[in-house]
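Please describe the fold and the side-chain contacts of the protein shown below in a short report.

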Amino acid sequence: MKYTSTRGVTSETFEKVLFSGYAADGGLFVPEYIPKLDKDILAEWKLLKLSYPEVVGKIVRLYVAEAELTDSQLSTAIKSAYSKFGKSEVIPVTKINLKDGPIVGIAELFHGRTASFKDLALSLVGQLMEVFMETRGGHVTVLIGTSGDTGSASIEAVRGLSGVDIIVLYPKGMVSPVQELQMCSATEDNIHLFEVEGTSDDLDIPIEQCFPDSRLTSVNSINWVRIMIQISHYVYLYLLDEGDEPIHVVVPTGAAGNLTAGVFAKLMGVPLELHVATNENGCVNSLLTTGILEFGIDTVPTPANAMDICNPYNVERLLYLSTNSVNVKYLMTTKGKVVVPEDIKMKLQELIEGSKSIRTEDIYETMKSVWDDNQYVICPHTATAVNYAMSKLAEKPCYVLATASPFKFPEAATKAGIPLDKWVGDKLWNSLKFLPLKTPKLMKKGDDWLKILKDEIEMINGDLNLAGHS
């Protein structure tokens with residue numbers, strides 16, 4: 001398997017893609033072809049009752065040649081990645097009842113080290129980096145921006161690894177206290193933190209300008225390897241389901257990486273009907289429902305802060321799967337509001353059955369409703385998807401991807417009217433608040449953010465040269 005760009009023709013190895021951010025032409029990496037899972041293979045996997053780590057192994061093997069990554073290396077990496085999860089099944093599913101709505105299976109993707117679905121992919125990304133670093137040597141700097149959960153999950157994946165430094169930018173005052181504590185409590189020397197006086201979309205601009213650079217990679221969902229691993233969520237849920245009909249899955253969406261993984265799973269042959277829930281930052285919803293593509297609009301702060309994104313990078317991959325690289329390049333580089341051609345819009349709607357933007361007040365109401373009916377707490381991001389299920393899938397059993405633990409957002413639960421003492425909502429906060437903390441550097445409005453980033457990159461590499469690394 002080789003990889004090409006969404007904007008042109010190239011042919012790169014998996015290793016190159018793992019250690020790259022954007023492609024040289026500014027596009028995102030995608031596989032040259034999509035491997036297929038036919039009905040017989042899926043039926044066999046159902047009978048085998050594959051565990052989640054086993055599903056991950058099957059999916060990765062389809063996209064990575066053994067010449068690059070041996071079965072033994074892959075098996076060891078997967079075992080290390082998922083050994084520290086809080087649940088033996090990695091992704092437990094909890095059934096809840098919605099008043100006047102469907103039975104919903106909450107797929108709890110948040111039992112990793114940082115209580116976010118990002119752990120499922122990034123735990124393995126870190127292990128794969130370590131495998132390749134052992135043979136290639138040298139050093140790489142991971143450069144990412146985060147709207148909430150990616151930062152801590154990325155840090156956890158690489159903290160203390162030799163040969164890897166990570167620079168994380170996050171919007172000042174726009175992440176939850178627990179999210180910030182998770183990042184700042186990583187005090188290892190290879191962790192470099194910046195809080196930025198701007199939105200998550202603002203900080204993505206200088207990050208993108210730093211690429212391409214052979215010393216840098218990203219583990220945001222611009223990195224194909226994140227998407228590849230997340231395909232496993234959908235395969236695993238289908239294999240868990242008792243029937244053979246397509247399963248309905250509602251995906252809370254910010255940068256659209258998890259959604260893109262679902263589309264790849266569907267194109268591989270997994271019987272899926274995909275549904276999208278956004279918060280009030282509804283760029284993805286606008287594209288899917290009206291065909292209007294518009295980046296760079298002002299971000300609205302919401303309690304589902306990891307989805308406070310108005311520049312969802314993976315829209316580029318969704319467009320690529322619906323048209324060709326020439327059209328993708330035009331659509332992604334045209335400034336201002338763009339009306340997507342009708343044939344592309346229709347193709348997107350074939351891949352994704354429905355979409356809805358959820359208001360902040362509805363997020364809180366949904367959290368409270370689920371608590372009242374089930375004595376079960378969901379996070380604000382998950383609430384967007386549950387709200388979609390209540391309003392759009394009244395007679396269809398479905399799965400909702402629960403992308404973060406409610407323990408990361410006790411303030412939101414309290415605001416929704418769920419008493420903190422009824423569910424020990426401050427448990428995670430209490431486990432973090434007395435840890436030693438690293439003070440992040442500040443990127444102020446008006447500063448040259450690109451220069452600050454490049455200076456940090458040069459400082460890291462200068463220190464490596466002094467230490468004798470190459």
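Is Glu-156 buried, partly exposed or exposed? At 23% relative accessibility, Glu-156 counts as partly exposed, where buried means under 20% relative accessible area, exposed over 50%, and partly exposed in between, with a 1.4 Å probe and protein chains only.

The model is predicted, so that local features need pLDDT of at least 70 and side-chain atom pairs count only at pLDDT 80 or more, while totals for chains, interfaces and linings use all residues. Residues are numbered from 1 along each chain as its sequence is written, and side-chain values use heavy atoms, with hydrogens and water left out.

**Salt bridges**

A search of the whole structure finds 17 salt bridges, a salt bridge being a side-chain nitrogen of Lys or Arg within 4 Å of a carboxyl oxygen of Asp or Glu. Three of them are listed here.

| Glu-156 | Arg-159 | 3.2 Å |

Arg-159 is partly exposed, with a relative accessible area of 27%, and Glu-188 is partly exposed at 26%. Through shared partners, salt bridges join Arg-113, Glu-156, Arg-159 and Glu-188 into one network.

**The sheet and the helices across it**

Helices (H or I, at least four residues) and strands (E, at least two) are DSSP runs, numbered from the N terminus, and two strands pair if DSSP finds at least two bridges between them. An open sheet is formed by 6 strands in the order β4-β5-β15-β10-β11-β14, with mixed pairing. At its edges stand β4 (93–97) and β14 (354–357), each with a single partner strand, so one side of each is left without a neighbour in the sheet. From one strand to the next, the twist averages 25°; axes are lines fitted to C-alpha atoms, for helices over the stretch in contact, and angles run from 0 to 180 degrees between N-to-C directions. Strand β5 (residues 103–108) and strand β15 (residues 398–402) run parallel and are joined by 5 bridges, and the bridge partner of Glu-108 in β15 is Ala-402.

Helix α9 (residues 224–240) lies across β4, β5, β10 (247–252), β11 (272–278) and β15, running at about 145° to β10. Helix α11 (residues 283–290) lies across β11 and β14, at about 135° to β14. Of the 17 residues of α9, 16 are buried, which leaves the helix mostly covered. At 1.5 Å a residue, α9 should span 24 Å, and its end C-alpha atoms are 26 Å apart, which agrees; the expected span is 1.5 Å times one less than the number of residues. At the start of α9, a side-chain oxygen of Asn-223 reaches to within 2.9 Å of the backbone nitrogen of Val-225.

Ala-77 belongs to helix α4 (residues 71–82) and counts as buried at 3% relative accessibility. Leaving aside its neighbours within four places in sequence, Ala-77 is in contact (heavy atoms within 4.5 Å) with Leu-124, Gln-127, Leu-128 and Val-131. The C-alpha atoms of Ala-77 and Glu-130 are separated by 8.8 Å, although these residues are 53 residues apart along the chain.

**Backbone geometry in the loops**

Most residues other than glycine have a negative phi, and most peptide bonds are trans. The peptide bond from Phe-211 to Pro-212, however, is cis, with omega near -5°, and Pro-212 is placed in the loop between α8 (200–209) and β9 (216–217). Lys-49, in the loop between α2 (39–48) and α3 (52–63), has a positive phi near 50° and counts as exposed at 71% relative accessibility. Ala-115 also has a positive phi, of about 60°; its place is in the loop between β5 and α5 (118–136), and Ala-115 is buried, with a relative accessible area of 10%.

Technical notes: Polar contact = N/O pair within 3.5 Å; in protein donor to acceptor, adjacent residues only side chain to side chain.
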